[in-house]
Amino acid sequence: MNLFPPLALAVLAASVPDAYDTVIIDENVQPVSFDCDIAAVSANTYSIRRAYEICAAFRHRRIPVVLGGNHPSIMYDEASAHADAVVVGDGEGMWEHLLADFEANRLQPLYHSERWSFDQLIMPRRDLLSRSYRFSSLETVRGCPFDCDFCSVTRFHGAASRWKPLAHIEKELKDLTGRTLFIVDDNIIGAGQESGQRARKLFELLGSYRVKWMAQASINIADDPEVLRTARDNGCRFFFIGFESLNPEVLKSLNKRLNFRRKDTPCRDIVKRIHDQGISIMGSFIVGTDYDTPETIRALGEFIADSSIDIPNVTVLTPYPGTRVYDRLRREGRLFNDKFWLMDPVPLFTFAPSMITVAEMRTTLLEMTERHAGIFQGMKSFLKTMQYTHSLSIASFSLAERLMNTRTARDRLLSDAHASDGPASQPV
Ligand code: SF4
């Protein structure tokens with residue numbers, strides 16, 4: 001079952017002038033239909049190959065297509081070959097202008113939009129989203145100040161945190177039907193003195209509507225026990241935290257500045273601070289950097305098994321376009337395929353790190369996932385989560401997510417066995 005619905009589509013649908021009938025086709029839950037005068041397709045790097053196929057199907061039927069989202073905004077030259085118009089940046093402020101051009105038969109190939117200010121209230125058209133998702137979704141901020149080298153959020157959304165006014169969030173909370181929320185913000189806490197105060201007010205607001213919620217945050221969410229306590233008292237189930245690595249050299253090489261600056265505060269301490277307030281943790285780690293060897297990956301596996309991270313999430317470093325990691329590896333001629341996102345399937349391994357081969361990395365990661373997917377580790381983790389959170393529902397949820405995460409990772413490693421073994425991989 002999919003976790004949460006594509007909120008961005010509901011926001012864009014709400015931005016379309018009232019004179020138009022708008023429907024959302026969500027391919028997670030329904031087939032694409034072609035009963036429309038103009039189509040808009042939103043895609044990230046993982047879904048862009050499929051998005052291009054869908055664009056071709058609309059254009060084959062002579063239905064104009066507008067393409068937007070993270071990937072087309074960064075790779076607009078590539079995207080413009082597949083669509084009648086590409087929207088670069090936030091889409092909210094663009095529709096009136098774009099649809100006027102469409103009506104006048106003068107659709108432009110490229111629309112650059114300004115960064116959207118949340119001062120204007122847009123009530124997402126959640127009524128157009130499928131109700132088959134497990135959670136509802138909510139956005140409270142866009143942008144991230146940390147600008148990590150492997151992430152395109154700062155480039156796409158900016159370094160300033162654009163907070164949505166609490167009054168607007170409250171209107172959305174009144175409109176929500178689901179009582180469990182995934183907060184889609186890339187970083188709910190941001191940085192700076194105001195961020196903690198703002199976070200506490202936001203958490204209290206969420207609590208006043210009696211929703212249960214989970215969110216992504218940088219490690220500074222653990223700086224102030226009062227922030228964590230307010231989160232827990234107001235419905236927080238878990239935080240997704242990007243630890244990325246136990247090795248300070250890796251943090252430095254990825255420009256994970258905040259974590260590097262806190263290198264003397266081990267992951268274990270941050271985990272403890274969050275657990276002490278009764279909140280569970282999905283902890284994310286990246287492997288496949290130039291500092292990784294089979295031994296460092298095994299050591300990470302040991303750390304995860306011994307630590308109390310409730311839901312481990314180990315990912316392979318992927319050079320997304322628009323990131324400095326991508327630019328560097330491409331400049332160094334190390335990518336197996338410069339446009340790996342057009343391959344089918346999209347490969348898990350896109351370049352060879354210096355100190356480990358792809359085959360070694362796959363084998364070592366498979367060993368790790370087999371261990372974490374096991375019943376013994378699962379039960380141990382469940383009991384620890386119970387101990388910290390005193391909540392059967394949080395522990396059950398964490399266990400289910402842990403098992404699903406590790407099994408998905410294992411399936412991906414197995415299915416990817418022939419897709420990404422190096423330069424001889426499938427060409428586009
Ligand atoms: S802290 Fe997270 S959201 Fe922000 S730039 Fe780094 S990886 Fe991206």
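**View 1. The shell around the ligand in the predicted model, by residue class.** In this predicted model, the shell around the ligand comprises five nonpolar, four polar and two charged residues. The residues around the ligand are Cys144, Phe146, Asp147, Cys148, Cys151 and Val153, together with Thr154, Asp186, Asn187, Ser218 and Gly242. Because Asp counts as charged, Asp147 and Asp186 are the two charged residues of this shell.

**View 2. Domain 1 and domain 2 of the protein chain.** The domain assignment divides the protein chain into domain 1, residues 7-112, and domain 2, residues 135-415. The centres of domain 1 and domain 2, taken over C-alpha atoms, are separated by 29 Å.

**View 3. The contact between the domains, seen from domain 1.** Nine residues of domain 1 are in contact with 12 residues of domain 2. On the side of domain 1 that touches domain 2, the elements giving two or more residues are α2 (48-60) and α3 (70-74), and α3 gives the most, with three residues. By class, the residues of this side of domain 1 are five nonpolar, three polar and one charged.

**View 4. Strand β8 and its pairing with β5 and β9.** Strand β5 (residues 136-138) runs parallel to strand β8 (residues 180-183) and is joined to β8 by three bridges, with serine 137 standing opposite phenylalanine 182 of β8. Strand β8 is also joined to strand β9 (residues 212-217), by four bridges and again in parallel, and here phenylalanine 182 stands opposite methionine 214 of β9. Between β8 and β9 the chain passes through helix α8 (residues 193-208), in a β-α-β crossover that is right-handed.

Note on methods: Residues numbered from 1 in each chain as written. Predicted model: local features only at pLDDT ≥ 70, side-chain atom pairs only at ≥ 80, totals over all residues. Near = placed C-beta within 6 Å. Domains from an automatic or database assignment. Contact = placed C-beta atoms within 7 Å. Pairing = 2+ DSSP bridges. Right-handed = clockwise from strand over helix to strand, strands pointing away.
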